[in-house]
Amino acid sequence: MIRGIRPLLRGSTYSGVLFAYCGALASLPLLPFALLPALSWRSAPESVQLVLVLLVWAVLVGVAGLARPVRRALVVSARRLLRVPLPDPVAGRQAPGSPGLDRWRTPLWLVLHVAVGWAGALASGVLFVMGLVLPGNWLGGEARASLFGTSVRVSGGWSSWAVAAVCILLAAAVCVLVTKTLRWSAPRLLGPSAAERLALAAERELLLAERNRIAHELHDSIGHTLTAATIQAAVAGEMLSADPAAARAAMRSIEESTRAALEDLDYVLGVLREEQSGTAPTRTLADLPELLDRLRHAGAVVEAELSGALAQVQGTLSRAAYRILQEALTNALRHGAGGPIEVRVAAGPDGLDLTVVNRTGARTGPGTGPGAFPTSGHGLPGLAERIRLLHGEFQAGPDGTQHWRLSCRLPARASA
C-alpha cells in the first residue's frame with residue numbers, strides 16, 4: 001500500500017495531472033466548430049452524432065499541433081511539468097524512408113494529451129465526488145451511484161466510508177495513471193525524430209570540435225607564454241643588478257608575449273561565453289622570428305635553419321605549423337637541459353618539414369628545478385592529434401642519449 005501511495009507524494013504527479021487537465025481545457029475553444037457538422041445532420045442517430053463530433057474535434061486538435069510554435073510550447077511544458085528530459089526541437093531534414101511521417105508525431109501526441117486529460121478529469125472527478133458524498137449517509141440514509149446506465153446502491157454505516165475510501169484511492173490512481181501515460185508518450189512523440197537526432201549529433205560534434213580547438217589554443221598559446229615569462233622573469237631577477245639593460249630587455253619580452261597571450265585569451269573567453277567575440281588572432285610562420293626572439297630573451301640558445309618560401313605558405317598549414325613549433329619549443333624550454341635548441345623549417349612544393357631538437361637531462365639556471373613546470377601530459381598527444389587531422393606524419397622521442405627530437409611533415413593539401 002505504501003508503495004502505491006508513494007508516487008502520489010511526488011511533485012511530478014501533481015504537475016503532470018495539471019498539465020493533462022490544462023490540455024483538456026485548452027481544447028474547449030475548438031468544440032463549437034466540432035458541433036457544426038452534427039448540427040447540420042440532425043437526422044442522424046445520437047450515437048453517430050457523438051462519434052462525428054469527437055472525430056471532428058480530434059481532427060481540429062491535431063491540425064493545431066502542426067504549428068511549429070505549438071510543438072515548442074508542448075516540449076517546454078512537458079519538460080517542466082512532466083519532468084521529462086526533452087531537448088528543444090531542431091530544424092532538420094526528414095529522415096530517409098519516412099518523408100513527412102515525423103510531422104504527424106506532434107498532432108498525434110496532442111490528440112492523446114487532450115483525450116487522456118478529459119478521460120482523467122471525468123474519471124477522477126466522479127470518483128472524488130463520490131468519495132466526498134457517500135460518507136454523508138452513515139446515519140442510515142441510502143445513496144445510489146449511476147454511471148452509463150449502471151447503478152450501485154450504498155447503504156449507510158461503515159460500508160459507505162469503505163466505498164468512499166476506495167473511490168478516493170481510485171481517483172488518486174487515475175491521476176498517477178494519467179501522469180505515467182503522458183510521461184511514457186512524451187519522449188516517443190515529442191522527442192527528437194531521426195532527422196533531429198542526426199542534427200543534434202552534428203551540432204554536438206561541432207561543439208566538441210570547437211572546444212577541442214579552444215583547448216589546443218589555450219595549451220599552445222597560454223602555456224608557452226607562461227613558460228617563457230617564468231624563465232624571463234627569473235633571468236631578469238638574476239641580471240637586475242649585474243646587467244640592467246638585459247633585465248629591461250627580458251621585461252619587455254615578457255610584456256610583448258603576455259600581450260599576445262591576452263589577445264588569445266580574450267577570444268577564447270568570448271567563445272566560451274557564447275558572446276560575439278572578435279576575430280581569432282592568427283599566428284603564422286610569418287610570426288616565427290618574433291617567437292624565436294622571445295626565446296632568446298628568455299636565455300635560450302636557438303639555432304634556426306629556415307629554408308624554402310615560408311612567406312608563401314598560407315592558410316591552415318601556416319597556422320598549424322606555427323602552433324606545432326610553439327608547443328615543441330615550449331617543451332624544449334620546460335624539459336630541456338639548457339643547451340642549444342635546433343629549429344629547422346623547410347618549405348617545399350609537397351609540404352612542410354618541421355624539426356626541433358634539444359638537449360635532455362637535468363636543467364640548471366633561473367626558473368628551473370624540480371616541479372618548476374608541472375605539466376598535464378596533453379602536449380604531445382595534442383600535437384599528434386593536430387597533425388593527424390592535417391593528414392601529416394609525426395615523430396617524437398629520444399635522439400641518441402642526450403637529445404630529444406620532434407619532427408613532423410605536413411602535406412601541402414593541409415593549406416586548403
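Predicted model: local features only at pLDDT ≥ 70, side-chain atom pairs only at ≥ 80, totals over all residues.
H11 lies across strand S4, strand S5 and strand S7. Its direction is at about 5 degrees to that of S5, which spans residues 351–359.

Let me turn to the sheet itself. It is an open sheet of 5 strands, ordered S3-S4-S5-S7-S6, and the pairing is mixed. Strand S3 (302–307) and strand S6 (393–398) are at the edges; each has a single partner strand, and therefore one side of each has no neighbour in the sheet. On average, and ignoring direction, neighbouring strands here are turned by 5 degrees against each other.

As one example, Gly-397 has Arg-405 in S7 as its bridge partner.

I move now to helix H10, residues 288–297. H10 lies across S3 and S4, the latter covering residues 341–348, and runs at about 170 degrees to S3. Which residues of H10 are buried? They are Leu-288, Leu-291, Leu-292, Arg-294 and Leu-295. Viewed down the axis of H10, these buried residues fall within an arc of 155 degrees, so they line one face of the helix. After H10 comes Gly-299, with a positive phi near 100 degrees.

Definitions and conventions. Residues numbered from 1 in each chain as written. Heavy atoms only, no water. Pairing = 2+ DSSP bridges. Helix = DSSP H or I, 4+ residues; strand = E, 2+ residues; numbered from the N terminus. Axes fitted to C-alpha atoms, helices over the stretch in contact; angles between N-to-C directions. Contact = heavy atoms within 4.5 Å. Buried < 20%, exposed > 50% of the residue type's maximum accessible area, 1.4 Å probe, protein only. Arc of directions from axis to C-beta.
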